[in-house]
Amino acid sequence: MPEGNASRQTWRQTPSWADQSYKLDRVREVADRDKGLRFTSLLHHVTPRLLLDSYQALSRDAASGVDAMTWGEYQTGLAGRLIDLHDRVHSGRYRAKPSKRIYIPKGDGRERPIGIAALEDKIVQSALGRVLERIFESDFLNFSYGFRPGRSQHNALDAVTVGIERRKISWVLDADLKSFFDSISHEWMLKFLGHRIGDGRVLRLVAKWLRAGVSEDGEWSRTTVGTPQGAVISPLLANIFLHYVLDLWMQQWRKRHVRGDMIMVRYADDFIVGFQYRGEAERFRQALEERLAQFGLALQERKTRIIEFGRFAQENRKARAEGKPETFDFLGFTHICGKTRKSGKFTILRKPIAKRLRSKLKEIKSRVMRDRHKPIREQGPLIRACLQGVFQYYAVPGSFVWLSGFRAAVRRIWGHALRRRSQKYKAKRIYRILETWIPKLKILHPYPNQRLRV
């Protein structure tokens with residue numbers, strides 16, 4: 001960019017947030033206008049005001065990293081802290097701290113490693129991420145949905161449904177990358193950033209975070225590949241990495257090798273690719289494995305498969321005496337070949353993945369039994385919030401039957417706990433409590449073709 005580096009600013013000299021937002025919008029305009037431009041001066045956009053806004057956007061209740069600093073504790077002397085942080089970032093004295101590694105259980109019984117960054121690392125990552133986002137959002141392709149402003153998991157789900165229903169899709173590659181966040185090459189990551197970023201100070205900042213290592217049980221270990229899941233900037237870096245490794249390549253492969261219809265939908269490291277012809281699906285998978293291997297990535301064999309799926313799948317499989325079409329899971333939903341009730345036209349049915357709901361029920365039951373002697377006014381809001389969270393995500397058209405069963409199971413679990421609580425809890429009283437605190441089920445999302453226009 002033609003702008004030079006800004007001189008050091010004091011807290012009072014910091015421009016208003018409206019001015020800061022305008023400058024970032026200008027970055028987006030320049031990035032849109034010239035797709036080949038390398039931004040040679042960017043760090044001056046990381047101002048004390050942007051650091052303040054990034055701090056305020058962080059979760060107040062998030063766990064602390066190796067610095068043991070909480071959001072509330074950092075607020076003491078906040079202005080001075082942020083001015084000092086700004087000065088260290090711009091002078092090169094800022095040092096990234098290692099991520100604190102913890103593990104959270106996954107639905108299949110395994111554990112997922114999560115890295116918790118130190119508070120100041122979160123602040124700087126968030127601020128720089130806002131600057132980089134303005135540039136790379138102009139480059140990202142339309143079939144990429146993960147961790148992007150104005151896009152959600154439901155947008156990706158709608159894209160899959162509408163794409164398969166409206167195109168001549170008969171084969172689906174359900175793909176998942178193996179340990180993606182742990183396999184990202186630092187060398188390739190910095191090269192991909194360098195396509196658009198020519199500011200060496202920005203590249204050095206990112207390199208510091210990538211190479212800061214992890215701390216587990218007080219022991220530090222070096223990281224030569226990967227970016228910590230849980231770091232503020234990791235989703236953006238992952239999208240940039242996959243944009244160059246996967247998205248641009250898939251777009252070119254479709255132009256060069258596909259005769260029939262083909263759709264692509266990616267959300268982070270999970271993606272669905274649909275084909276009209278089986279041969280093209282098989283050639284694509286082979287080419288995909290070769291492409292990923294060039295960058296140190298691989299498919300998760302257990303979760304990657306090609307299945308017959310689409311408007312003709314049911315008739316074709318019936319003619320071959322092969323039974324019903326297979327299903328595939330994507331972003332928490334099982335996708336099923338079905339037909340509309342009135343016209344009998346092909347449609348995709350989506351139901352919540354059964355093991356996800358079972359896991360949530362198990363969690364609710366454990367909480368209810370643990371807290372059954374607490375006052376109802378303490379139990380009720382927690383149970384209501386849990387169900388509202390489930391409904392907010394899974395209440396899509398067609399999921400009413402499964403969610404009704406889930407809601408009924410929660411009522412039974414809590415009702416049983418209330419009966420065990422005391423003989424004073426008669427049927428009518430229990431019924432009133434359940435009606436008061438357990439929310440009614442409503443479909444909260446529109447039909448895919450209403451929300452997404454393809």
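Modeller: A disulfide is a pair of cysteine sulfur atoms within 2.5 Å. By this rule the count is zero disulfides. This is a predicted model, in which local features need pLDDT of at least 70, side-chain atom pairs count only at pLDDT 80 or more, and totals for chains, interfaces and linings use all residues. Residues are numbered from 1 along each chain as its sequence is written, and side-chain values use heavy atoms, with hydrogens and water left out.

Colleague: Why is Cys337 called buried?

Modeller: Buried means under 20% relative accessible area, exposed over 50% and partly exposed in between, with a 1.4 Å probe and protein chains only. Cys337 has 14% relative accessibility, so Cys337 counts as buried. Cys386, at 12%, is therefore buried too.

Colleague: What span is expected for helix H15, and what does H15 reach?

Modeller: The expected span is 1.5 Å times one less than the number of residues. Helices (H or I, at least four residues) and strands (E, at least two) are DSSP runs, numbered from the N terminus. H15 (residues 400-421) has 22 residues and an expected 32 Å; its first and last C-alpha are 31 Å apart, which is close to that.

Colleague: Which elements do the buried residues of H15 pack against?

Modeller: Strand E11 (346-352) and helices H13 (354-370), H14 (376-394) and H16 (427-437), where contact means heavy atoms within 4.5 Å. Among the buried residues of H15 are Phe406, Arg411 and Trp414.

Colleague: How many bridges join strand E1 to E2?

Modeller: Two strands pair if DSSP finds at least two bridges between them. E1 (residues 99-105) and E2 have six and run antiparallel; Tyr103 has Pro113 of E2 as its bridge partner.
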